[in-house]
Amino acid sequence: MIISIKDLLEPVPHQKDRMCIKGTATTVHRIARWWRTGLTADEIAADYEHLSLAGVHAALAFYFANREKIDAEIEVDIIEERKIVNEHSQLRKMSEKEAA
């Protein structure tokens with residue numbers, strides 16, 4: 001039996017415009033971010049035992065085929081994450097001041 005990328009990836013349930021490795025909640029974006037930090041497909045699959053090497057390679061193939069769009073979305077995600085962290089840090093500092 002021949003397996004295609006379509007057999008290995010599926011839409012993320014709550015974000016239909018994003019894909020994940022089938023049967024997992026691990027998105028192509030997450031795989032791409034790990035790859036961008038220098039991890040290889042083999043290292044990702046070894047570090048996250050629930051991911052198959054074929055699934056990781058499928059995610060990376062999808063990423064490379066859509067790299068410009070996914071990189072732009074990752075940058076938006078990173079900005080949002082930093083905003084949330086900064087807001088949380090500010091709230092924590094305010095709580096500490098009030099407790100003092």
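Colleague: Why is Arg67 called partly exposed in this model?
Modeller: The model is predicted. Arg67 has a relative accessibility of 36%. A value of 36% falls in between, so Arg67 counts as partly exposed.

Colleague: What makes Arg67 and Asp71 a salt bridge?
Modeller: Their side chains meet at 3.6 Å, N to O. The cut-off is within 4 Å, so the pair qualifies. Both sit in helix 5, 4 residues apart, which puts about one helical turn between them.

Colleague: Which other residue pairs with Asp71?
Modeller: Arg36 does, at 2.9 Å from N to O. This pair joins distant parts of the chain: Arg36 belongs to helix 2 and Asp71 to helix 5, 35 residues apart. Arg36 is partly exposed, at 34% relative accessibility. A network of salt bridges links Arg36, Arg67, Asp71 and Glu75.

Colleague: How many salt bridges are there in the whole structure?
Modeller: The search finds 6. One of them joins Asp77 and Arg18, with the closest N and O atoms 2.8 Å apart. Asp77 lies in helix 5 (residues 67-99) and Arg18 in strand 2 (residues 15-21), 59 residues apart.

Colleague: Is Arg18 buried or exposed, and how do you know?
Modeller: Its relative accessible area is 12%. Buried means under 20%, so Arg18 is buried. Asp77, at 22%, counts as partly exposed.

Colleague: Now the rings. How many aromatic pairs are there?
Modeller: The count comes to 4. Among them is the pair of Trp34 and Tyr48, 4.2 Å centre to centre with 10° between the planes. The centres must lie within 6.5 Å, and planes under 30 degrees apart count as stacked, so this pair is stacked. Trp34 lies in helix 2 (residues 28-36), and Tyr48 in the loop between helix 3 (41-47) and helix 4 (53-65), so the pair ties together parts 14 residues apart in sequence. Trp34 is buried at 16%, while Tyr48 is partly exposed at 30%.

Colleague: Why is the pair of Trp35 and Phe64 called edge-to-face?
Modeller: The angle between the planes is 90°, at 5.0 Å centre to centre. Trp35 is in helix 2 and Phe64 in helix 4, so parts 29 residues apart are tied together. Trp35, at 28%, is partly exposed. Phe64, at 38%, counts as partly exposed.

Colleague: Which residues form one aromatic cluster?
Modeller: Trp35, Tyr63 and Phe64.

Note on methods. Residues numbered from 1 in each chain as written. Predicted model: local features only at pLDDT ≥ 70, side-chain atom pairs only at ≥ 80, totals over all residues. Heavy atoms only, no water. Phe/Tyr/Trp six-rings, centres within 6.5 Å; stacked < 30°, edge-to-face > 60°. Helix = DSSP H or I, 4+ residues; strand = E, 2+ residues; numbered from the N terminus. Buried < 20%, exposed > 50% of the residue type's maximum accessible area, 1.4 Å probe, protein only.
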